[in-house]
Each structure stands twice: as structure tokens, then as C-alpha cells.
Amino acid sequence: MHYRETSLLIFLFCLLSYDLVHCAEERRSSAVCNGISILCPATSCFEVLKYNSLSSSGYYWIRTSSSPQQVYCDMDTTACGVRGVMRIAYLDTSVSDTCPSNLTKYEVNGTTMCGRHDTSSTTTLPCDSVTYPSQGVEYSNVCGRVVGYTHSGRNTCAFWWKTASHIYAGDSIDSLYTAGILISRGLVNNRSHVWTYASGRPGGSSCGCPCGDGYDSPDFVGNNFFCESAPYSNEYQWRTNANVWHGNDEYCNEGSDCCSDDGRPWFNV
């Protein structure tokens, strides 16, 4: 996950497993591997639900690539539209004011955020990232949500990959193609795009969202993005009076490709 000029308030990502095979213990003894005990871990959160449709959200023992581990299984449909998904990342700064080590904590106007180490200069590295392992559990989909706040200043565009005005601009997943948050999966040198949360300037501007007057998203992003505008000025300051990616934006008109996805603010790919 990469942070570019936008700070994070809340994020949650889950994995939907397609591994429905029975665990080895069950094959031998007909025991139900429901993940309640480390002695009989389930192969996935979905398997927990398969053997007990009344299972509630909570921690269960799941077989991983190394050894059984307790993971949080979401058994509600609110998040991803289906039940039985495994949580791999969760951060709510309204509950905990601790940020991952690669990010910096900002406290502005009573709001706690986690973001880039340096938002005062464009000469620093373009992004900071945090990695969350899937523990070797096979999966078919990724879903999640992000709530963020923007940091106003120059060189903040929704998709600026077509302009040469910024040293890091480009059309690859490793370039500074957007101001926002990139979610990817895979190894560092072989990542694939999952979802982009882009923040554009309001009004008519080439730095606005694609459904306004801004640039189209790069090919590797396609339509897998949400884009909303936020207050902008030439002063370097956090804008905590309005968050982004909530679906209540000038770009979120009916039929808009920027943020009118039926599942927003959640994505599921």
C-alpha cells in the first residue's frame, strides 16, 4: 500500500478465499475443522462459515503456509458483500493513535492521521508504503475501504501521469501517477494493481478527476479507482474539514466512473 500526498484515517482490507477443501484432520476422523481450536484449523474463513452458517465475526484458527494462526474472519455482508472473508489489515486512528512504522502520525484539529513522512517538499521520495502479508492463504478477491484527508499544496493531481511537470510522473505502477493511495499485491518487483484512491482538485482543472476535466487513469489502473475532490490552496496544510472517498462529491454524479460504484466506499476486485 502506497501513500501519495493523502493521509489515511481508516482502512480495512480483506481476502476472499476460494479454497474449500476439507482439512486433513477431517478427512481422517470426520471431525469438523471449524477453526475454533489450533488442533483443527480451518483452511479459510469461508470454511468456518461453511460448517457453521451461524458463525459470528471474530478470531479463528486458519492454516497458513507456515503454521496455524489466529486471524479475524468477517462474517457480515456489510463490508465485502459476502460472508466469510479474512482480514489482513486494519487501522482506525479514532480508536488507536499508533501508526505503522513506515508512516508518520499527524494530529490536526483533533483528527489523528497516518501518512507520508514528509509532506512539505516534492523533492523527497514520492511515496511511503506498508506491506501486509496474506499468510500464504490462497484467495480470489480483495476488498476494502479507505477514508482519507488531503494535504493541500502544489503538484497535487488526481492523475498526473501524462504530464512531465513532476520528476516522478509516469505511467507505471512504480511511478507517481496519482495523488492518493495505491493498493497493490505481489512482490515488490512484481506487483499488480488492485485499487487506487485518487484525490483531485475541485472545479475545472486538468488536476481534477477523470469524470471532470482531469486526465484519464493509466491503462494499468483502468476503472479500478475512486476519485473525489478536496479543498485546495497553495498553502501546505491538512484539510480535515472534509474527508475524501465517501461518495458525496461533485464528481459523484449518477453514472460517474469516479465514485458511483454500487459498493462504495468499499471496493471488491
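Let's start at Val147, which lies in strand β9. Strands here are DSSP runs of E with at least two residues, helices are runs of H or I with at least four residues, and both are numbered from the N terminus. Val147 counts as buried because its relative accessibility is 9%. Buried means under 20% relative accessible area, exposed means over 50%, and partly exposed is in between, using a 1.4 Å probe and protein chains only. Now look across to Asn243. Val147 and Asn243 are 96 residues apart in sequence. In space, their C-alpha atoms are 6.7 Å apart.

A word on the model. It is predicted, so local features need pLDDT of at least 70 and side-chain atom pairs count only at pLDDT 80 or more, while totals for chains, interfaces and linings use all residues. Residues are numbered from 1 along each chain as its sequence is written, and side-chain values use heavy atoms, with hydrogens and water left out.

Next, the disulfides. How many disulfides does the structure hold? Four. A disulfide is a pair of cysteine sulfur atoms within 2.5 Å. I'll take you through some of them.

Take Cys45 and Cys73. Their sulfur atoms are 2.1 Å apart. The angle about the S-S bond is -75 degrees, and the link is left-handed. Cys45 lies in helix α2, residues 45-51, and Cys73 lies in strand β4, residues 69-74, so this pair ties together parts that are 28 residues apart in sequence. Buried or exposed, Cys45 and Cys73? Both are buried.

Now Cys80 and Cys143. This disulfide has an S to S distance of 1.6 Å. The link is right-handed, with 55 degrees about the S-S bond. Cys80 is in the loop between β4 and β5 (85-92), and Cys143 is in strand β9, residues 141-152, so the tie is between parts 63 residues apart in sequence.

Then Cys99 and Cys114. Here the S to S distance is 2.0 Å. The link is left-handed, at -85 degrees about the S-S bond. This pair links distant parts of the chain, 15 residues apart: Cys99 sits in the loop between β5 and β6 (104-108), and Cys114 in strand β7, residues 111-115. Cys99 counts as buried because its relative accessibility is 16%. Cys114 is buried too, with a relative accessible area of 0%.

On to charges. Lys and Arg count as positive, Asp and Glu as negative, and His and the chain ends are not counted. Side chains of opposite charge can pair when their charged atoms come close. A salt bridge is a side-chain nitrogen of Lys or Arg within 4 Å of a carboxyl oxygen of Asp or Glu. How many salt bridges does a search of the whole structure find? One. It is between the side chains of Asp174 and Arg191, at 2.5 Å, N to O. This pair links distant parts of the chain: Asp174 is in the loop between β9 and β10 (180-187), Arg191 is in strand β11, and they are 17 residues apart. Asp174 counts as exposed, at 57% relative accessibility. Arg191 counts as buried, at 16%.

Compare Glu47, in helix α2. Glu47 is buried yet has no salt bridge. Which side chain of opposite charge is nearest to Glu47? Lys50, 6.1 Å away. The side chain of Glu47 does reach the backbone nitrogen of Thr43, at 2.7 Å.

Last topic: rings. Rings of Phe, Tyr and Trp (its six-membered ring) pair if their centres lie within 6.5 Å; planes under 30 degrees apart count as stacked, over 60 as edge-to-face and the rest as tilted. The structure holds seven aromatic pairs. One of them is Tyr197 with Phe226: the centres are 5.7 Å apart and the planes are at 65 degrees, so the pair is edge-to-face. It links distant parts of the chain, with Tyr197 in strand β11 (residues 190-200) and Phe226 in strand β12 (residues 225-229), 29 residues apart. Tyr197 is buried, with a relative accessible area of 0%. Phe226 is buried as well, at 3%. Ring pairs also link Trp195, Tyr197, Phe226, Trp245 and Phe267 into a cluster.

One more: Arg87. A charge sits over a ring if NZ of Lys or CZ of Arg is within 6 Å of the ring centre and within 35 degrees of the ring normal. Arg87 lies over the face of Tyr72, at 3.9 Å from the ring centre. Arg87 also lies over the face of Tyr90, at 4.3 Å from the ring centre.

Terms used:
A polar contact is a pair of N or O atoms within 3.5 Å; within protein, one must be able to donate a hydrogen and the other to accept it, and residues adjacent in sequence count only if both atoms are side-chain atoms.
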